[in-house]
Amino acid sequence: MTHSAERPRVVTTVADIRQLVQSARREGRRIGFVPTMGALHEGHLSLVRAAKEATEFTVVSIFVNPTQFGPQEDFTRYPRTLEADLQLLAAYGVDAVFAPSDQEMYPAGFDSWVEVGGIAAPLEGRCRPGHFRGVATVVLKLFNIVQPDIAWFGQKDYQQALVIQRMVADLNVPVEIRVCPTVREPDGLAMSSRNRYLGPESRQKATILWQALCRAKQLAAGGEKDTAVLAAQLRSMIAAVPGAQIDYVAFVDPQTLTPVRRVDRPVLVALAVRIDGVRLIDNELIAP
Ligand code: AMP
């Protein structure tokens, strides 16, 4: 039996990943980096493919970052599936997986934080206080540890990508940020590690996010420009699903995330909805 897929090299310490990356760099290879929290799916793998195509040494990090979870959030039950993740990555020829412990990333005495300003304030920032502080801090740490040339993020977490781009520009971090489109299930549900929390009935209900985004697109294309009207339509559509609870339905400027009143230019529609208690987010750009 032939088996070409090789398990990627897994390292757990900062010193080891630095050493691997440095020797790749000495050979003239460019470093591509995909930070993840594991429980990998096609969304993550699309980023890995992009990294493999663009660079000669691909690093994937798998780290469920405690500092980006609020006290009432799902940190302890977040899916951790390292073995399955490594098997998936084997097929892609990933050069190294960095899977540090909490202790390795946040040793005793750790006390420095990255605060990104206005772009981190609305939407997820408002619903999840401290979330982007944790994200920006861990991503800057990972960038400093791995020192990639290019790093990939998904549009699924649209605001997160903007926060990282702001941080990298403001702090002169020498990493190019690339954003890839959201990968969806056949019925439109954005792939997410948190989809694993959904039982069959909830999974069915969860399609309402994509249906709402499609409706917004359709109504806007049909001439409805008033975002208050559009938002009301989406809200009532989502509210009609039993067990659906809206965190926000927002029509915002795609660069600044400030609210827009009319769809007379590209507008980002961003949603956060709890489906039977499972918090899901999604977004889509719509145009006049
Ligand atoms: P996570 O493991 O959820 O922290 O996600 C790691 C990276 O994968 C982030 O840049 C996400 O935006 C990206 N990602 C997650 N889900 C998707 C998806 N469905 N399509 C594209 N990218 C995604």
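Here is a short chat about a predicted model of a protein chain with a ligand.

Reader: Let's start with the fold. How many helices and strands does the protein chain have?
Author: The chain has 288 residues, and 54% of them count as buried. Its C-alpha trace spans about 55 × 50 × 35 Å along the principal axes. As for secondary structure, the tally for the protein chain is 10 helices and 9 strands.

Reader: And what is the radius of gyration of the protein chain?
Author: For 288 residues the globule rule gives 19 Å, and the chain comes close to that, so it is as compact as a globular protein of that length. The value itself is 20 Å.

Reader: What share of the contacts with a separation of 6 or more comes from residues 24 or more positions apart?
Author: Contact here means heavy atoms within 4.5 Å. Taking the contacts in the protein chain with a separation of 6 or more, the share from residues 24 or more positions apart is 73%.

Reader: On to the ligand. Which residues come nearest to it?
Author: There are 17 residues around the ligand. By class, that shell holds 8 nonpolar, 7 polar and 2 charged residues. Those that come nearest are Met 37, His 44, Asp 157, Val 183 and Met 191.

Reader: How much of the ligand's surface does the protein bury?
Author: Taken alone, the ligand exposes 490 Å². Of that area, the protein buries 93%.

Reader: Which element gives the most residues to the shell around the ligand?
Author: The elements that supply two or more residues are β2 (31–36), α2 (42–54) and β5 (150–154). The one that gives the most, with 3 residues, is α2.

Reader: Is Ser 192 buried or exposed?
Author: Ser 192 sits in the loop between β6 (176–180) and α8 (200–205). Its side chain reaches the backbone nitrogen of Arg 194 at 3.0 Å. Beyond neighbours within four places in sequence, Ser 192 is in contact with His 41 and Lys 156. With a relative accessible area of 16%, and the buried class being under 20%, Ser 192 is buried.

Reader: How far apart in space are Met 105 and Val 94, C-alpha to C-alpha?
Author: Met 105 belongs to helix α4 (residues 102–105) and counts as buried at 1% relative accessibility. Not counting residues up to four places away in sequence, Met 105 touches several residues, including Phe 63, Phe 110, Val 138 and Ile 145. Val 94 is 11 residues away from Met 105 in sequence, and their C-alpha distance is 22 Å.

How values were computed
Residues are numbered from 1 along each chain as its sequence is written. This is a predicted model: local features need pLDDT of at least 70, side-chain atom pairs count only at pLDDT 80 or more; totals for chains, interfaces and linings use all residues. Side-chain values use heavy atoms; hydrogens and water are left out. A residue is near a molecule or strand if one of its heavy atoms lies within 4 Å of it. Accessible areas come from the Shrake-Rupley method with a 1.4 Å probe; for residues, only the protein chains shown count as cover. Helices (H or I, at least four residues) and strands (E, at least two) are DSSP runs, numbered from the N terminus. Ala, Val, Leu, Ile, Met, Phe, Trp, Tyr, Cys and Pro count as nonpolar, Asp, Glu, Lys and Arg as charged, and the others, Gly among them, as polar. The radius of gyration is taken over C-alpha atoms; the globule rule is 2.2 Å times the number of residues to the power 0.38. Buried means under 20% relative accessible area, exposed over 50%, partly exposed in between (1.4 Å probe, protein chains only). A polar contact is a pair of N or O atoms within 3.5 Å; within protein, one must be able to donate a hydrogen and the other to accept it, and residues adjacent in sequence count only if both atoms are side-chain atoms.
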